[in-house]
Structure formats: C-alpha cells, structure tokens
Amino acid sequence: MLSKLLGSEWMKIKRKGLWFLTLLGPLGVIGLTMVNYGVRKDYLLAQSEDDWAYYLDNVAALTPMALVLGIVILTSLLASIEAQTNAWKMWLALPVRRGSVYLSKYLIAAVLLLVSSCILAVGTAVYGMTLGLGDDIPWLSILEYSFYPWVASQALIALHLWCALTSSNQGFTVSLGIVGVIAVIIPVYLPDWVIWKWPSLVSELDNPWSSGVIGVGAGLLLFMAGMLHFSRKDVG
C-alpha cells in the first residue's frame, strides 16, 4: 500500500514544480558562492592557508538557509496538493491508513531534500576544483558539509509537515517558516535546543554528528506526534 501511495505522490508532484525547487536550492548555494569567489577570489584565498576548508565554510554558511526554505516550501506544497482540489475527504475515504498517507508525504519531502544534498555535493566539488584550491580534495568533508545538514533537518521536516497538514490557518505555517529562516541566520546566538540551529551543525558539543543524532531522534518524535494528530483530525 505504501508503495502505491508513494507512486501516486510522485505522479502528483510532477505537475507542481517540486523538482524545480529541488534543483533551485543547491544551485542557488553554488551560484552565490560562485559570485562571491568571482568578485573577490584573491581576497578569500588570502584568508586561510587551507583553501578547501575556507571554501567549504563559505558553502556551509549558505546551506542551512537554503535547506530551511526548501523544507518550508516543499511541505507546504505537498499539503496543498489535495487542499487546492478539495480532495482530502475523497482521498481519506479510500481504504488506506491515514498514517500511511502521512508517511508517504514525509518520505517524498525527505527524498527530494536528499536529492538536493546530492546535487550540492557534486556542485561543491566541481566548482572547488575549477577554483584550483589544491589537489588534495577533502572528499569526506564535502560529503559531511552536504549531507549532515540534511540528517540534522529531519526534525524540521517533521515539524513543518505536521503544521502544513493539520493547521487550518496557513498564516501560522508561513509565520513558522519565517521564524525558521531568521533563526537559521544567527545559529551561534541560539541555545542548542532550538531545532532551526541543528542544520547549521553548530553546538556546544562541537561535533556535527551530535546535531544529526539529535535531529533524527527529535524528528522521529515529531513525526509520530504529527501522524497521530493527522490520523485523528478532520481534514479537508
């Protein structure tokens, strides 16, 4: 049943431009980095003896904002597909579990953002090589900077999907997204328990994996709470 739901979701998002948004995030990060290095490459290369590390820090500074924006937009669009056509009641009247419907939308959002992370990793490596940052390419660091934020963002995906699917006031959902975008700009000033801080991989533990573990754990709890709420709430 879940495979059929996922297939149905894939068919629906083909006409909604979600794949374009999946490409836009990572390409936007690389594009801004290209502008930054194109304008002041000599200055940036003089800031550190490790050109690759400094370059990755610049990419990492832009990644969380793009990721949070992607989460807000993707979850909102996934929730609006049925709402725009008043199809929720008809869809949920079918012999399918509400929990499976909720899970299918979560998986679609998570997979699309994972694809974005893959594109970011490739784009980061390719552009870094064109800059001539050195032959010793830090492949492991590139993967960490590209995929750790996605792992740490599982709680955000669960939270925003929960709000998008169950809130009758879309103004609240939009406001929550705005708060997230603002918060992700200033992660060093936020306490470690603020979930919008986790994709930045900044914490007192000074270990990227700690943000990932916390994000996955909290994401599981938020997903279960959201699925339970969705299963009991009248939708449509």
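Modeller: A salt bridge is a side-chain nitrogen of Lys or Arg within 4 Å of a carboxyl oxygen of Asp or Glu. This is a predicted model, in which local features need pLDDT of at least 70 and side-chain atom pairs count only at pLDDT 80 or more, while totals for chains, interfaces and linings use all residues. Residues are numbered from 1 along each chain as its sequence is written, and side-chain values use heavy atoms, with hydrogens and water left out.

Colleague: Which residue forms a salt bridge with Lys 197?

Modeller: A search of the whole structure finds one salt bridge. Its closest N and O atoms are 2.8 Å apart, and the partner of Lys 197 is Asp 192.

Colleague: Is Lys 197 buried or exposed?

Modeller: Buried means under 20% relative accessible area, exposed over 50%, and partly exposed in between (1.4 Å probe, protein chains only). Asp 192, at 25%, is partly exposed. Because the relative accessibility of Lys 197 is 5%, this residue counts as buried.

Colleague: Which helix gives the most to the nonpolar patch?

Modeller: Patches take residues with over 30% relative accessible area and no salt bridge, joining like charges within 9 Å and nonpolar side chains (Val, Leu, Ile, Met, Phe, Trp, Tyr) within 5 Å. Accessible areas come from the Shrake-Rupley method with a 1.4 Å probe, and for residues only the protein chains shown count as cover. The patch covers about 670 Å², with Met 65, Ile 185 and Tyr 189 among its residues. Helices are DSSP runs (H or I, at least four residues) numbered from the N terminus, and the one giving the most, with three residues, is helix 3 (residues 51–84).

Key. Helix = DSSP H or I, 4+ residues; strand = E, 2+ residues; numbered from the N terminus.
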